[in-house]
Amino acid sequence: MEPDYVARCLQLAVLLEVSAYPKPGNVHRARDFSDTRYEHFLASAVALYPHFREAARRGVECLEGTRGLSDVGVGEIVRRCVEDMLGWQRGGNTHLGTILLLAPMAVAAGMTAAESFSPATLRRNLTLVVKSTTPRDAVMVYNAISAVNPGGLGRAPKFDVRDESSRREILEKGITLYEIFEIASSYDSVAYEWVSGYRITFDVGYPFLVKELEKTGDVNVAVVNTFLRVMAEVPDTLIARKFGAERAREVSLMARHALEKGGLATKEGRCIVYELDDALHSAGLNPGTTADLVCSCLSVLTLGGYRP
């Protein structure tokens with residue numbers, strides 16, 4: 001796929017995700033946080049475009065055989081994305097998880113010939129990309145995470161990002177970024193996506209998103225209901241890190257209840273979704289990882305040709 005096309009698709013996905021409302025507990029077009037606002041997310045989407053394009057260009061080079069997969073530099077792309085994300089707005093961390101999911105997806109899309117595009121082909125290439133990452137990629141991602149200092153990070157049992165000696169140990173032992181995410185996959189859904197072949201994206205969220213679009217014809221309804229579906233299936237790991245696994249499971253049950261009543265597609269469901277949005281915001285419960293996963297689902301959709 002052409003790099004410019006890939007970057008536009010991923011940027012569109014980022015914009016559609018943050019604009020959908022009301023995604024319970026998240027920033028959206030009708031709700032801000034005290035320190036991070038809707039416009040901060042829009043500015044970040046602008047900032048990410050050239051880096052998605054560069055990632056896709058490197059993917060094209062892999063397809064053409066002029067660049068090896070281990071030379072793609074996913075970690076460098078992530079670090080540059082984060083630098084510009086922080087440089088283009090004053091709201092702090094808007095898209096770290098999204099960047100970690102979409103940087104390799106941009107490379108994989110570049111590796112995918114437009115005439116043979118399918119979610120299955122994209123997924124195969126995506127698996128090749130993440131498994132080909134290097135220790136240097138890991139260090140670059142650690143630097144990116146440190147620059148953002150995301151909430152609820154906590155202490156990792158091994159190769160802690162806050163410990164400067166971790167970077168040296170990663171390089172000395174030759175630990176790849178993929179291997180780092182294997183360690184983190186039990187408590188972080190973004191890491192789990194990397195090592196599971198993006199299972200939540202391709203097996204849970206994307207198929208549901210397609211069905212909701214076909215059923216409702218309304219992208220806002222489809223995105224919010226997909227958000228509920230993903231959160232119901234996968235307790236949000238940002239909430240779990242900040243408030244505990246039990247609280248994350250409680251929020252998942254709330255999302256499941258809202259979806260069982262139709263989500264945004266029914267009058268009863270809409271009332272429940274709006275009430276859930278109020279409740280999560282009042283409690284400070286932000287399902288930020290769920291938003292990242294929905295953005296990944298939307299990216300598969302837009303790469304496949306969807307336009308609102």
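Keep in mind that the model is predicted. Its largest nonpolar core takes in 100 residues, and helix α4 (residues 96–110) is the top contributor to that core. Helix α4 also packs against α3 (residues 74–87), with the two axes coming within 9 Å.

**The nonpolar core**

- Within the largest nonpolar core of 100 residues, Leu-122 and Leu-303 have the most contacts.
- Helix α4 supplies 11 residues to this core, the most of any contributor.
- Leaving out residues up to four places away in sequence, Leu-303 touches Met-1, Tyr-5, Val-6, Cys-9, Leu-10, Met-105, Ala-109, Phe-117 and Leu-122.
- As general background, nonpolar side chains in soluble globular proteins tend to be buried together.

**How α3 meets α4**

- The crossing of α3 past α4 is right-handed.
- On the α3 side, the contact is made by Val-74, Ile-77, Val-78, Cys-81, Val-82 and Met-85.
- On the α4 side, the residues in the contact are Leu-96, Ile-99, Leu-100, Ala-103, Pro-104 and Val-107.
- Sorted by class, this contact has 12 nonpolar residues, with no polar and no charged ones.

- You will find Pro-22 in the loop that runs between α1 (3–19) and α2 (38–64).
- The loop between α9 (189–195) and α10 (199–216) is where Tyr-198 lies.
- Tyr-198 has a relative accessible area of 1%, so this residue is buried.

**A closer look at His-281**

- His-281 sits in helix α14, which spans residues 267–283.
- Is His-281 buried or exposed? His-281 counts as buried, because its relative accessibility of 18% falls under the 20% cut-off.
- Setting aside neighbours within four places in sequence, His-281 is in contact with Gly-25, Asn-26, Arg-31 and Phe-33.

Methods:
Residues numbered from 1 in each chain as written. Predicted model: local features only at pLDDT ≥ 70, side-chain atom pairs only at ≥ 80, totals over all residues. Heavy atoms only, no water. Helix = DSSP H or I, 4+ residues; strand = E, 2+ residues; numbered from the N terminus. Buried < 20%, exposed > 50% of the residue type's maximum accessible area, 1.4 Å probe, protein only. Contact = heavy atoms within 4.5 Å. Core = buried A, V, L, I, M, F, W, Y, C linked by side-chain atoms within 4.5 Å. Axes fitted to C-alpha atoms, helices over the stretch in contact; angles between N-to-C directions. Left-handed = near helix turned anticlockwise from the far one by under 90°. Nonpolar A, V, L, I, M, F, W, Y, C, P; charged D, E, K, R; others polar.
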